[in-house]
Amino acid sequence: MANQTRRLLWPIAGMVTLGVVLQVFSLLAVVESDAIADQSRQYVAVAADLRTTAEQFENATYLALVGLATADWDLLVRQRSTAQALAGRFVAANTAMLQGGQARTGDVMVMLRGVEEPEVHEALSSVRALWEETHAAHVRLLRSDNYSLKNNPEVERFRAESSRLTRALGDVSVLLQRRAQMEESRLAAVHGLTPIGLFLLMLGSAAFVIWRILLPFAASTEELARSEAALRLARDELEQRVAERTRELAQTNEALRHAHDGLEVRVKERTQELKDAQRRAVELARQAGMAELATNVLHNVGNVLNSINTSASILDERLRTLRVQPLVKVAELLESHRADLAVFMTEDERGRRLPEYLVKLGQHLSSTRDELLEMTAALHRHVEHIRMIVELQQSYATSSSIVEVTSLQELVEDALRINAAALGRHGVTVERHFDPLPHVMVDKHKLLQIILNLISNAKYAVNDNPDGERRLTLRVERPTEDRVQVQVRDNGMGIAPELLTKIFQHGFTTRKDGHGFGLHSCAIAARALGGSLVAYSDGPKKGATFTLEFPYRPEEQGSA
């Protein structure tokens, strides 16, 4: 019997050894193929990120040019900084793909080994050359004296280089995707060979288990008891960790609910305060003859309130859709496997993935909390914008019918700030041409009323223009020693020659919802300032220019 057992053990041992060897080689082949395929997928992702970076660099260049054209230095500095950061990111990623190193895909850093295929290396080198040409075109464009976006040779050269770069990146992405597909096919073939070794290994393992169960049964029983004790300990520890994480998530959810409730109360209070401020502003405007100023203020406040209502609705929806139910399901799943939790956590696929799932769920809730805090900050910014508009209106309301020292440049900027929301929503580009003038003595309430009305009319005049072609130009200058001009020009619908004088008549309007006394009241206010308000246009679709002219009274003369 012993001899027969020994004769059986030798073939079984040989089969087990062969199965183990085959399985080891199969696993090594799978790991290597998987690593190569994963590297190919990372190259595809980095190539896609390169293309996105190139498009963002192009957009940042155009926005920087817009900042130059509109003298918006904050926009220019911000977009140039963005373009420099994108350039560094592009060069780093391209270098990593060619020579190896770290590269960014979205918010994740990956390690690349550098390409070895000549075709891919040549394509990436070509991309690097095109990038240098595109970057050079970017530098020439921003250093050029021509800031126009249309009929600008530097813009066309930059757009052509950027297009060539984008197409080359698309070709690289296709090449890398083809390479990734080939690696995936190779990995699938390797996976196909794995079951053979696995079958032999399972066969040998089955014989080995049977042999080990029949002979050393007592030792196996003792080992099993120790394993069960270890599993019970692991189960208790896991239950404690799940309970702690559940409490943390519940506390986070409760804190978010309290924050939402408090935010709703604050929004209601601020809304009521804003409504009270609007009523006071309207009353002051009515008493001081500021109907036009109050209309502009309320219109812009209404625009910002719409943004507040939208943000509050989104915040409410995000809180209602907060993913708390998956946590309840996890607790129910653990409760349902309480009797066999150790087996569930070690052998069941769902149990093995449960800790990783809980970590991802916690990260998701943390991300959701950050989004809600960003929405809350946006609401605070909108409310602060409304407060600024209301305070600005009130500062002018208290000075009605009073001649005082005034900076024309600051007064025009105040009018633009009051209309900032509407101008931004309509996509109107504002150009400023302000001559350096000393402070003057003037009734700044009447002057602000006129400028606000002219800016509002210009905004409606350019509504029918295509996006990107709505332009408003304001000019402050002193044509003679004793006169001052404030000019508002638009490139909108224009005015027919026969209407250039009628537009100042009471009740006459060309807008469907117009009342016909805005320009009439502006003309009266201009005469009260001792000046005049005139309009000029080359005809329909050719824009219009309104020029307010009044006497120049310097600060020293007013004080005397």
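The following legends describe close-up views of a predicted model of a protein chain.

**Figure 1. Overview of the predicted protein chain.** The secondary structure of the chain consists of 14 helices and nine strands. Among its 560 residues, 40% count as buried. Of the contacts in the chain with a separation of 6 or more, 75% are accounted for by residues 24 or more positions apart.

**Figure 2. Helix α3, residues 118-143.** The buried residues of α3 are Val120, Leu124, Val127, Leu130, Trp131, Thr134, Ala137, His138, Leu141 and Leu142. An α-helix has 3.6 residues a turn, so residues three or four places apart point the same way.

**Figure 3. Packing of helix α2 (residues 73-99) with α3.** Two packed helices are described by the angle between their axes and the distance between the axes. For α2 and α3, the axes are 10 Å apart and the angle is about 165°. Because angles over 145 degrees count as roughly antiparallel, α2 and α3 are roughly antiparallel to each other. The crossing in which α2 passes α3 is left-handed. On the α2 side, the contact involves Arg80, Ala83, Ala87, Phe90, Val91, Asn94, Thr95, Met97 and Leu98. These residues meet His121, Leu124, Ser125, Val127, Arg128, Trp131, His135, His138 and Leu142 of α3. By class, the residues of this contact of α2 with α3 comprise 10 nonpolar, six polar and two charged. Leu124, Val127, Trp131, His138 and Leu142, which take part in the contact with α2, are among the buried residues of α3.

**Figure 4. Crossing of helix α10 (residues 408-418) and helix α12 (residues 444-461).** The axes of α10 and α12 come within 10 Å and cross at roughly 45°. This angle makes α10 oblique to α12. The crossing of the two helices is right-handed. Helix α10 contributes Leu408, Leu411, Val412, Ala415, Leu416 and Ile418 to the contact, and helix α12 contributes Lys444, Leu447, Leu448, Ile451, Leu452 and Ile455. The residues of the contact of α10 with α12 divide into 11 nonpolar, no polar and one charged.

Figure 5. The C-alpha atoms of Val174 and Ala47 are 9.5 Å apart in space, although the two residues are 127 residues apart in sequence.

Key: Residues are numbered from 1 along each chain as its sequence is written. This is a predicted model: local features need pLDDT of at least 70, side-chain atom pairs count only at pLDDT 80 or more; totals for chains, interfaces and linings use all residues. Side-chain values use heavy atoms; hydrogens and water are left out. Axes are lines fitted to C-alpha atoms, for helices over the stretch in contact, and angles run from 0 to 180 degrees between N-to-C directions. Helices (H or I, at least four residues) and strands (E, at least two) are DSSP runs, numbered from the N terminus. Angles under 35 degrees count as roughly parallel, over 145 as roughly antiparallel, 65 to 115 as roughly perpendicular and the rest as oblique. A crossing is left-handed if the near helix is turned anticlockwise from the far one by less than a right angle, and right-handed if clockwise. Contact means heavy atoms within 4.5 Å. Ala, Val, Leu, Ile, Met, Phe, Trp, Tyr, Cys and Pro count as nonpolar, Asp, Glu, Lys and Arg as charged, and the others, Gly among them, as polar. The expected span of a helix is 1.5 Å times one less than its number of residues. Buried means under 20% relative accessible area, exposed over 50%, partly exposed in between (1.4 Å probe, protein chains only).
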